[in-house]
Amino acid sequence: MTMVIRKSSSRAMTCLFLYQLLPPTRSHHNHSFSIYKSCRSLSKTPSDFLGSIWCPTVCAAPTIRSFSSKFSESNTTARMQNPESISYLTQREAAEVDEILMGPLGFSVDQLMELAGLSVATSIAEVYKPSEYSRVLAICGPGNNGGDGLVAARHLHHFGYKPSVCYPKRTQKPLYNGLVTQLESLSVPFLSVEDLPVDLSEDFDILVDAMFGFSFHGSPRPPFDDLIQKLVQLCNFAQNHQKSPVIVSVDIPSGWHVEEGDVSGEGVKPDMLVSLTAPKLCAKRFTGPHHFLGGRFVPSSIVDKFKLHLPPYPGTSMCVRIGKPPQIDISALRQNYISPELLEEQVAADPIDQFCKWFDEALASGLREPNAMALSTVGKDGKPQLKGAQNYVEWVGSFGVCKKDKCELELDKEIQFLGLVQVLFMLIDTITQDLLVTTCHVTFCNSSSRIVLLKGVDKDGFVWYTNYESQKAHELSENPQASLLFYWDGLKRQAMLPLHFRPGSKVHIRLYKHEVRVEGSVQKVPDEESEQYFHSRPRGSQIGAIASKQSTIIPGRHILHQTYKELEGKYSDGSLIPKPKHWGGYRLKPQLFEFWQGQQSRLHDRLQYIPQEIDGKLVWKIVRLAP
Ligand SMILES: NC(=O)C1=CN([C@@H]2O[C@H](COP(=O)(O)OP(=O)(O)OC[C@H]3O[C@@H](n4cnc5c(N)ncnc54)[C@H](OP(=O)(O)O)[C@@H]3O)[C@@H](O)[C@H]2O)[C@@H](O)CC1
Ligand SMILES: [K+]
């Protein structure tokens, strides 16, 4: 086996990460590997490196992907939009849109403000989770921009944040008085400028800048000049400190020229800008990570009149992202789990009972589709090792030399496998060019995985239904061993109530995470069982099962619709839809269970159930694995 790698110019030892998906052949001599990533030069001994080999970031290196924002954004609510292709309004146009909306188009200011404030709150919630960014200060100005801030504060309260409001120049109009009363009735604190701490970074996680919008002109007058300066100082503070509050500007970063932007270069630099109705020209100068558009009320007459190009709002969302979400390194994503310990003596003796207990908890936590499970299968050449062994082998050796501009690694054994090979690292003495240590991690992965839905579980095993001509069915016919994986994140567990629990006292809810892996052999369920389940499904799903020749290549989606429509017509009289022969269930008979529970500092619980026969009876032995 030959490994071709790029040579480092460093004279110290070099650690390299490589990987390659081997082509599906059975002969494995002289395969070449391509480099995935080379990391910085290191001058440690080989054993130092071996000590760190199983670090998860190292293992994850070949599959690094980019994820968006400070937390991953919910499904489709914030789509990427190209900022080049959208419209920006002048100050005059913004005011004109305002006049038309509230004149001939019949809107009231209250309505627009409510929708604008809701958009601001939902944009914030898209990016900054209340669990991390709960303490919000909305600084509200004297005009409608300030009104948007008051509305946003109310919605944020209902979303689970803890807002406070600084509203130094109150407008004495029924609309604004009403907004203040609403917040007061929710016990949202109002802070005067004097009440504000000198350093806002101590007390707040999010600062909503709702001082001025598109009617701002000239230079800010007191007290807003000082308030804007507080935000500017925070931007400077943020450059030198890890954690500082984020600034969210409503429509215009306050103090910026509505068209020219931050002319002096010394103004507020918000992390998020929520443009309302349509972005104003100054938004072109916004360089922060999160630009959203809100105010989902623009009718087509306005769009046509002002030739607006605005991104479409996804689904029922009140906001849409403009531009790409910032990219972060997946290896930096880290979550600390806190759960009560999972102890051997507390779990059920029978793993099916334990599974059902956790499944019920997942259901009670309101998780969507807790019956969704990853089903992994292998073809006939796969060699999955059941009974506790993981589905990979590892070998470490000292072999090979580094030649001129490539390194060759001779493996001393013939290996028969198909799948993924990761070379976790190799050490090269760049003076002698010797390969000192190479560690490879081989996954027998002509396996394939997909999500299926669990449709039944009992002492006989786990049942799901599918197409008997699909890839998984093909693999199961060649090799009936399979693995199921359940992943239940965000389970809620309530603390025990104290003996003398008084209504109104607090109950702390903890979030935790479970995984269950089940391995075993798979058989088709009896046809009558499949038949019975097939007819219990909605008629649409029954027709869908006939229409789709699963895993075959089709020329386009229209074929599915066409076939579906034909079948729908055929069975429109309500007659029995016959179950296709190629559709039915499988049952996995468990041979191994692993219950995993996330714990702090990665000291997770892992309990395995291994079947043993004692006096002719099946007994499950429970063992604990190091995390
Ligand atoms: N489609 C839409 O149109 C929608 C608009 N919406 C929202 O309305 C916003 C526009 O609101 P707006 O017109 O009330 O003006 P805004 O910018 O809040 O401030 C005006 C106040 O600031 C004052 N002020 C001005 N300059 C100042 C200075 N240098 N220093 C100190 N004060 C200064 C000014 O006082 P004046 O100078 O007039 O005495 C006045 O009191 C818009 O950006 C968006 O957020 C959404 O709610 C719904 C849909
Ligand atoms: K603003």
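With which side chain does the side chain of Glu-519 make a polar contact? Before selecting anything, note that this is a predicted model, in which local features need pLDDT of at least 70 and side-chain atom pairs count only at pLDDT 80 or more, while totals for chains, interfaces and linings use all residues. Residues are numbered from 1 along each chain as its sequence is written, chains are lettered from A and ligands numbered from 1 in the order in which they are written, and side-chain values use heavy atoms, with hydrogens and water left out.

Select Glu-519 in strand β22, residues 509-524, where strands (E, at least two residues) and helices (H or I, at least four) are DSSP runs numbered from the N terminus. The side chain of Glu-519 makes its polar contact with the side chain of Arg-517, at 2.3 Å; such a contact is a pair of N or O atoms within 3.5 Å, and within protein one must be able to donate a hydrogen and the other to accept it, with residues adjacent in sequence counting only if both atoms are side-chain atoms. Glu-519 has a relative accessible area of 7%, and is therefore buried, a word that means under 20%, with exposed over 50% and partly exposed in between (1.4 Å probe, protein chains only).

Next, select ligand 1 and the 23 residues that surround it, the closest being Asp-98, Asp-148, Gly-213, Ser-215 and Asp-251; a residue counts here if one of its heavy atoms lies within 4 Å. An oxygen atom of ligand 1 lies 2.5 Å from a backbone N or O atom of Gly-213, and for Phe-214 a backbone N or O atom lies 3.0 Å from an oxygen atom of the ligand. At His-217, a polar backbone atom is 2.7 Å from a nitrogen atom of ligand 1. Colour the helices α3 (91-102), α4 (109-127) and α5 (144-158), the elements that give two or more residues to the shell around ligand 1.

From α5, move to Tyr-161, in the loop between α5 and β5 (162-166). With a relative accessible area of 4%, Tyr-161 is buried; select Ser-131 as well, which is 30 residues away in sequence and 8.3 Å away in space, C-alpha to C-alpha.

Finally, go to Tyr-487 in strand β21, residues 481-494, which is partly exposed because its relative accessible area is 44%. Tyr-487 and Ala-372 are 115 residues apart in sequence, yet their C-alpha atoms are 8.2 Å apart in space.
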